Amino acid sequence: MAADAFESLTGCATSIDNNQDTDLEDIIIYPNPASNHFTIYNIPPSAQYITVYNVLGKTILKKTVTRTQETVIINVPNGIYFCELNDGEKIISTKKFIVSE
């Protein structure tokens, strides 16, 4: 109940809805570490967008999901990045990955 009040006041979700066709733990980024591309496997059918962020929260790439497996091509410096899947309204999953040449 307190989480619902927090969300209504701030607009920030405190949890992820786990009622997905694919278990969120089954979402895989490979290879990790990556170089200039990686593939996301087991994307839930409800996912509409893939967004890649750096550790400062800057959007590096936003891509529309068309399949349950997507290859993402990136040209970024070595570092830690985050790959977010969302359904157009809320975040479904966020995975950390490393870029290392």
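Predicted model: local features only at pLDDT ≥ 70, side-chain atom pairs only at ≥ 80, totals over all residues.
**View 1. Strand β2 pairs with β5.** β2 spans residues 37-41. Its pairing with β5 is antiparallel and runs over four bridges. Look for F38: its bridge partner in β5 is V72.

**View 2. The rings of F38 and F97 form a tilted pair.** A search of the whole structure finds two aromatic pairs. In the pair of F38 and F97, the ring centres lie 4.4 Å apart. The ring planes meet at 45°. Planes under 30 degrees apart would count as stacked, and planes over 60 as edge-to-face. At 45°, the pair falls into the rest, so it is called tilted. F38 lies in strand β2, whereas F97 lies in strand β7, residues 91-99. The pair therefore ties together parts that are 59 residues apart in sequence. Are F38 and F97 buried or exposed? Both are buried.

**View 3. Ring pairs build a cluster.** The members are F38, Y81 and F97. Ring pairs link these residues.

**View 4. K63 and E70 form a salt bridge.** Side chains of opposite charge can pair when their charged atoms come close. Here, the closest N and O atoms of K63 and E70 are 3.3 Å apart. How accessible are the two partners? K63 has 25% relative accessibility, so K63 counts as partly exposed. E70 has a relative accessible area of 2%. Buried means under 20%, so E70 is buried.

**View 5. E70 also meets R67 in a salt bridge.** The distance between the side chains is 3.8 Å, N to O. Which residues do the shared partners join? K63, R67 and E70 belong to one network. A search of the whole structure finds two salt bridges.

**View 6. K62 lies over the face of Y49.** The distance from K62 to the ring centre of Y49 is 4.7 Å.

How values were computed
Residues numbered from 1 in each chain as written. Heavy atoms only, no water. Salt bridge = Lys/Arg side-chain N within 4 Å of Asp/Glu carboxyl O. Buried < 20%, exposed > 50% of the residue type's maximum accessible area, 1.4 Å probe, protein only. Pairing = 2+ DSSP bridges. Helix = DSSP H or I, 4+ residues; strand = E, 2+ residues; numbered from the N terminus. Phe/Tyr/Trp six-rings, centres within 6.5 Å; stacked < 30°, edge-to-face > 60°. Lys NZ or Arg CZ within 6 Å of the ring centre and 35° of its normal.
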